[in-house]
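Here's a quick tour of a protein model for you to follow along with on screen. Have a look at it first, then read on.

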Amino acid sequence: MAVTPPILVGERRANYRWTVDPRSALPPPLTLPRLLARGAARRCPVCGSGRLFRRWFTIVDNCPRCGFRLERIEGHWIGALGINVVVSFGAVLVAVVVAFVATYPDGSAGAAVAVIVAVAVVVPLAFYPVSKTVWCAIDLAMRPLEPDDEVDPRWIPPATRLER
Ligand SMILES: [Zn+2]
């Protein structure tokens, strides 16, 4: 997804004057599809920046580009936990069905259990960072930007309310 830079950028012409492209001057509206796509890509829901994770499990406090405070309220990450639980249990359910079909009636129950356990361990760990950014996106869709979010004003879309 193309990200619009927050500053007035233009092309340098032969006469060395900077011209402003009005299309690039304002960030795009925070529509629900845009928010969710950014969340799924482990990006900031406000500006689309990556680099939100210092390590796989360690998310920064504020987006390095727009300043958005990712943990908006105390207890914010309970939503990410919920998303991760739903996705992980869904993956385990799929693994159980697939393992049952693949091993029925004469297959190895041990192999089936090993696959199911592997899914139950790997999926929550692998999905952990995505669950956080997706939850940030959903939270932002439900609760539009506020002054407490510490977002650089250049990254706040012209519409004060979230567009749907
Ligand atoms: Zn950002």
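**A charge over a ring**

Which residue lies over the face of W77? K132 does, at 4.4 Å from the ring centre. Here, a charge sits over a ring if NZ of Lys or CZ of Arg is within 6 Å of the ring centre and within 35 degrees of the ring normal.

**Before you go further**

This is a predicted model, so to speak plainly: local features need pLDDT of at least 70, side-chain atom pairs count only at pLDDT 80 or more, and totals for chains, interfaces and linings use all residues. Numbering runs from 1 along each chain as its sequence is written, and side-chain values use heavy atoms, with hydrogens and water left out.

**Helix 1**

Helix 1 spans residues 32-40 (helices are DSSP runs of H or I, at least four residues, numbered from the N terminus). R34, L35, R38 and G39 are its buried residues, buried being under 20% relative accessible area with a 1.4 Å probe, protein chains only. Because they cover an arc of only 130° around the axis, they sit on the same side of helix 1; the arc is taken from the directions from the helix axis to the C-beta atoms. Helix 3 (109-142) is part of what covers them. After helix 1 comes R42, with a positive phi near 60°.

**The nonpolar core**

The largest nonpolar core holds 26 residues, meaning buried Ala, Val, Leu, Ile, Met, Phe, Trp, Tyr and Cys joined through side-chain atoms within 4.5 Å. Helix 3 gives the most to this core, with 8 residues.

L52 is among the residues with the most contacts inside the core. Leaving aside residues up to four places away in sequence, L52 touches residues including R42, C44, L70 and T133 (contact is heavy atoms within 4.5 Å).

How values were computed
Buried < 20%, exposed > 50% of the residue type's maximum accessible area, 1.4 Å probe, protein only. Helix = DSSP H or I, 4+ residues; strand = E, 2+ residues; numbered from the N terminus.
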